Amino acid sequence: MTAALVVGILAAAGTYLVLQRGIVRITLGFVLIGHAATTALLAAGGVARRGIPFVGGEGTPGDPLPQAFALTAIVISFGVTAFLLTLAYRARDTIGTDDVEAPDPTPRSAAPGHRDDTTSRPAPTDVEGRTP
Amino acid sequence: MSALLVAPLALPLTAAGIMLLLWRRPAAQRIVSLAGVVALVAVGIGLVVATAGGAAEATRVGDWPGGLAIPFVADGTSALLITAAAAVSLLCLVVAAARGEDRHPLFHPLVAVLLAGVLGSFVTGDLFNLFVTFEVMLIASYVLMAIRGGRREVRAGTIYVTVNLLASALLLIGIGLLYGAAGTVELAALHRVVVEVPNARIGASMVAVAVAVKASLVPLHSWLPRVYPVAGPAVTALFSALLTKAGVYVLYRLSSTVFADVTIFREVLLVAAVVTMVVGVLGAVGRGDVRGILSFHMVSQVGYLVLPIGIGTVAGFTAGLIYLLQYLAVKGALFLSAAAIETFAGTGRLARLGGMLRTRPAVAIGFLLPALSLAGIPPTSGFVGKFLLIDAAFDQQLLLAGGVAVAVSFATLLSMLKIWNGVFWGERTDEVAREPGLAGFRPAIPAGGAGDDDPPRPERFVSARTVALVTPPLLVGGLVLLLGVLAGPLIDLVQPAAETLVDPQPYLDAVREA
């Protein structure tokens with residue numbers, strides 16, 4: 001019961017944050033949703049029927065699979081969170097804010113040759129891959 | 001055999017590691033990348049030979065006591081898809097190298113990781129390993145999408161990451177619930193689980209919805225046309241050939257194992273397929289740039305790819321597999337010719353293009369042949385696939401689905417004609433004549449030669465890079481005609497794989513005996 005409540009509260013809070021504007025809030029929302037998913041995985045292994053941690057002792061050994069799932073999920077969420085924060089940083093550099101839904105503040109010029117929707121020239125990068 | 005089964009996942013990851021060590025040597029990275037993908041094509045062909053005639057091969061990785069292991073299984077479907085995906089990726093890498101898109105030191109390692117995720121998802125026999133391979137594939141695609149770092153890339157990247165993270169969270173919770181109900185996550189052990197274990201329905205449905213987001217099935221499709229045109233052109237081609245097809249493959253695999261004998265699954269996917277076909281092709285009407293139109297068509301074609309699940313017979317799956325295999329190549333080729341158009345003219349907007357047939361006829365033919373295959377015009381392989389699909393639909397009395405499939409084919413043809421008229425026919429525009437996109441290709445004008453005010457030179461600039469840019473779509477065009485003519489042997493090759501999808505007994509036996 002506790003696990004179900006925890007998953008529910010985390011998922012609700014996470015969903016609310018994901019629907020907000022701003023990459024940082026979206027990232028926090030996904031962190032919470034990731035925690036909800038991890039708790040759901042652990043609960044699926046049966047929090048009420050925990051066994052002993054090793055094979056060979058007395059009693060049934062605990063189920064290793066949900067723990068493996070949860071660890072993998074935590075690591076993956078960690079990686080994606082790092083990427084989302086990098087996106088937020090990049091948004092701060094290019095747009096000026098991390099709110100990607102904000103309308104473009106600079107007026108678009110109609111001169112030919114300006115970057116239109118489908119220009120495909122890659123941005124100039126130096127050898128390290130950074131855009132000057 | 002176990003090495004061959006694990007290679008689709010292990011080989012690209014190893015190559016990615018090697019290429020990271022070659023950080024400052026782009027030429028060496030290119031060589032390792034291309035060699036790796038050629039090796040993957042060889043692995044795919046080896047698997048096709050091993051699984052010919054409806055056999056399946058499996059191995060258990062890990063093999064801990066108590067039966068804890070991750071099965072890696074290849075049947076006909078997986079083997080054919082691995083070969084096709086690796087071959088199309090090779091073409092995309094050639095174009096990326098020709099365009100210079102791969103100058104970023106992380107480009108080739110990321111593409112290798114992407115391939116590892118996609119091909120790994122084709123051979124994995126375990127739902128949680130599927131989640132892991134999906135995440136590997138997605139993380140590489142997030143970075144490839146946003147690698148140019150501009151304003152539009154950040155916006156599109158945020159949408160892409162958000163939608164896919166939600167899908168991944170749904171997948172994870174679904175797997176958790178399914179494990180709680182069924183006690184296992186092995187696909188072979190989950191055969192008919194929805195029928196036999198009522199509690200498994202919720203988890204399995206969440207897994208199916210999450211995979212449908214990945215496959216971009218209506219109503220979970222709107223992220224794709226918003227996001228795909230923003231990436232670099234060669235990257236979009238790579239995505240189009242790999243990402244959604246992984247989702248479609250998993251839907252096939254789920255319908256074969258987890259949702260076996262579940263009629264409601266088949267009916268829901270039938271409705272979704274029909275609606276997807278229509279929505280995709282109507283959405284293409286509103287776009288005015290080549291890659292935007294093609295992205296909407298991707299959504300529409302996913303409807304064709306999911307239709308066999310709705311039909312449910314061996315004939316339906318044979319048609320679906322034929323269509324899927326040739327569609328991998330066709331979609332890649334269409335996006336690669338869009339890349340060529342954008343490289344030469346510097347833009348993809350139809351309003352700014354016109355008359356390219358006279359200046360670059362190779363690009364025109366490279367676009368025309370895959371476009372005809374997409375619309376299903378004989379004698380292309382697209383016609384073979386669509387004809388068999390509609391025939392299978394009518395055989396099962398699914399008249400509405402078959403009729404919609406035919407109508408959407410006409411609409412697809414109209415859309416392809418719109419691109420053809422906009423880009424290749426009509427008045428030659430400034431962009432097509434001057435070819436501003438080739439600025440980086442031409443050698444620098446020597447001092448004293450600049451300041452020339454003459455109109456654009458009539459002879460077209462040709463170099464090794466432009467040839468490499470233009471040839472891949474032509475190769476696919478030739479392949480499409482060849483497969484259209486050799487339809488008989490193609491059907492003979494694919495039918496045993498389709499039979500294994502409908503009756504997965506060889507798949508289950510292979511996993512049990514591994």
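Colleague: In what order do the elements of chain A run from the N terminus on?

Modeller: They run α-α-α, and the secondary structure of chain A comes to three helices and zero strands, where helices (H or I, at least four residues) and strands (E, at least two) are DSSP runs numbered from the N terminus. Before going further, please note that this is a predicted model, in which local features need pLDDT of at least 70 and side-chain atom pairs count only at pLDDT 80 or more, while totals for chains, interfaces and linings use all residues. Residues are numbered from 1 along each chain as its sequence is written, chains are lettered from A and ligands numbered from 1 in the order in which they are written, and side-chain values use heavy atoms, with hydrogens and water left out.

Colleague: What percentage of the residues of chain A count as buried?

Modeller: Of its 132 residues, 33% count as buried, the word meaning under 20% relative accessible area, with exposed over 50% and partly exposed in between (1.4 Å probe, protein chains only). The accessible surface of chain A comes to about 8000 Å², and carbon and sulfur atoms hold 66% of that; such areas come from the Shrake-Rupley method with a 1.4 Å probe, and for residues only the protein chains shown count as cover.

Colleague: How many residues of chain A are in contact with chain B?

Modeller: On the chain A side there are 43, in contact with 43 residues of chain B, contact being heavy atoms within 4.5 Å. The area buried between the two chains is about 4100 Å², 64% of it from carbon and sulfur atoms, where buried area is the accessible area (1.4 Å probe) that two parts lose on being put together, summed over both.

Colleague: And which helix of chain A gives the most to that side?

Modeller: Both α2 (23-44) and α3 (64-94) of chain A supply at least two residues each to the side that touches chain B, and α3(A) gives the most, with 14 residues.

Colleague: Which residue forms a salt bridge with B:Glu186?

Modeller: That is B:Arg60, with the closest N and O atoms 2.9 Å apart. The pair links distant parts of the chain, 126 residues apart, as B:Glu186 sits in the loop between α6 (151-182) and α7 (193-196) of chain B and B:Arg60 in strand β1 (residues 57-64); both B:Glu186 and B:Arg60 are buried.

Colleague: Switching to B:Gln29, why does that residue count as buried?

Modeller: B:Gln29 counts as buried because its relative accessibility is 1%. The residue lies in helix α2 (residues 26-50) of chain B, and its side chain reaches the backbone oxygen of B:Pro105 at 2.9 Å. Leaving aside neighbours within four places in sequence, B:Gln29 has contacts that include B:Trp23, B:His104 and B:His108.

Colleague: Last one: is B:Leu482 buried or partly exposed?

Modeller: B:Leu482, in helix α19 (residues 464-485) of chain B, counts as partly exposed because its relative accessibility is 47%.

Methods:
A polar contact is a pair of N or O atoms within 3.5 Å; within protein, one must be able to donate a hydrogen and the other to accept it, and residues adjacent in sequence count only if both atoms are side-chain atoms. A salt bridge is a side-chain nitrogen of Lys or Arg within 4 Å of a carboxyl oxygen of Asp or Glu.
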